[in-house]
Amino acid sequence: MSPKTIAKRAKLNKGDLGGEPREAPNDGMPPKLKPLFDPKLFLAKVGKGRTISEYRKGEAVFSQADLGDAIFYIHKGKVKLTVLSNAGKEAVIALLGAGDFLGEGCLADRPVRLSTAIAMSDCSIARIEKPATIRLLHEEPAFAEMFLAYLLSRNMRIEEDLVDQLFNSSEKRLARVLLLLANFGKEGKPEPVIANISQETLAEMIGTTRSRVSFFMNKFRKLGFIDYNGELHVHSSLLNIVLHD
């Protein structure tokens with residue numbers, strides 16, 4: 001080996017002997033940071049395992065007994081969840097809006113849908129396949145946190161609905177449902193206008209007859225708690241019915 005070759009190798013390995021370290025290929029370049037994961041932005045885009053569809057009022061997002069192979073996220077609009085009994089009786093179990101998930105039962109290995117989801121208005125809804133959802137929950141803490149917060153909130157709402165059915169009068173149940181539909185008591189600005197919800201739907205939600213709902217709606221209007229003429233306007237004064245013993 002020639003003296004020049006030996007000298008060259010010694011210079012290259014100087015860092016191994018306690019001298020100046022050899023220059024790394026990317027020395028001086030800032031490390032690339034992984035961009036922060038935004039769940040809502042992610043759900044707003046079409047990609048692997050997820051699609052976004054538009055639904056017209058009255059269209060089914062999914063039907064009872066359909067295969068449970070995906071969850072859904074509502075970007076815009078309102079969706080009604082209903083259950084049909086073997087005797088043909090239908091009940092409304094939930095009204096969902098923007099920011100809500102539905103169909104999450106498939107993640108608990110529920111093979112088929114136990115309810116039907118119907119668009120109550122024009123809707124924009126993301127569909128995320130079950131494998132893609134499970135992967136997101138494992139790999140993206142921000143999505144897992146968002147999804148868990150929703151499930152906890154939904155569970156508390158179901159418990160409150162059960163207590164409401166067991167202990168409160170149909171008048172109080174109706175007042176509470178109207179306030180919830182108007183977003184009173186939730187974060188963000190209340191939306192006192194409710195469109196396209198029939199008295200039949202309200203009756204199904206609170207477990208009473210349409211005639212009783214009509215009676216209480218007229219009473220609420222005379223007391224100035226609500227106004228309706230094509231659209232339903234809910235005022236915060238309706239809380240007086242809920243809080244009254």
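Arg-127 is partly exposed, with a relative accessible area of 25%; on this scale, buried means under 20% relative accessible area, exposed means over 50%, and partly exposed lies in between, using a 1.4 Å probe and protein chains only. Please bear in mind that this is a predicted model, in which local features need pLDDT of at least 70 and side-chain atom pairs count only at pLDDT 80 or more, while totals for chains, interfaces and linings use all residues. Residues are numbered from 1 along each chain as its sequence is written, and side-chain values use heavy atoms, with hydrogens and water left out.

What does the side chain of Arg-127 meet in a salt bridge? The partner is Asp-69, at 3.1 Å from N to O. By salt bridge I mean a side-chain nitrogen of Lys or Arg within 4 Å of a carboxyl oxygen of Asp or Glu. Arg-127 lies in strand 8 (residues 123–129), whereas Asp-69 lies in the loop between strand 2 (60–62) and strand 3 (70–76), so this pair ties together parts that are 58 residues apart in sequence. Helices (H or I, at least four residues) and strands (E, at least two) are DSSP runs, numbered from the N terminus. Asp-69 is also partly exposed, at 32% relative accessibility. By the stated rule, the count comes to 10 salt bridges.

Asp-161 is partly exposed at 22% relative accessibility, and Arg-157 is partly exposed at 24%.

Asp-161 has a further salt bridge, with Arg-176, where the closest N and O atoms are 2.7 Å apart. Arg-176 belongs to helix 5 (residues 170–181) and Asp-161 to helix 4, so the pair ties together parts that are 15 residues apart in sequence. Is Arg-176 buried or exposed? Arg-176 is buried, with a relative accessible area of 14%. Through salt bridges that share partners, Arg-157, Glu-160, Asp-161, Asp-164 and Arg-176 are joined into one network.

Helix 5 also packs against helix 7 (residues 210–222), at an angle of about 70° and with the axes 10 Å apart. The axes are lines fitted to C-alpha atoms, for helices over the stretch in contact, and angles run from 0 to 180 degrees between N-to-C directions. Helix 5 and helix 7 are therefore roughly perpendicular to each other; angles under 35 degrees count as roughly parallel, over 145 as roughly antiparallel, 65 to 115 as roughly perpendicular, and the rest as oblique.

Which residues meet between helix 5 and helix 7? On helix 5 they are Ser-170, Glu-171, Leu-174, Ala-175 and Leu-178, and on helix 7 they are Arg-212, Val-213, Phe-216, Met-217, Lys-219 and Phe-220. Contact here means heavy atoms within 4.5 Å.

Leu-137, in helix 3 (residues 130–139), is partly exposed at 29% relative accessibility. Not counting residues up to four places away in sequence, Leu-137 touches Leu-107, Phe-143, Ala-144 and Phe-147. The C-alpha atoms of Leu-137 and Phe-147 are separated by 8.3 Å, and these two residues are 10 apart along the chain.

Finally, the cysteines. Cys-106 is buried, with a relative accessible area of 2%, and Cys-123 is buried at 1%. How many disulfides does the rule give? The count comes to zero disulfides, a disulfide being a pair of cysteine sulfur atoms within 2.5 Å.
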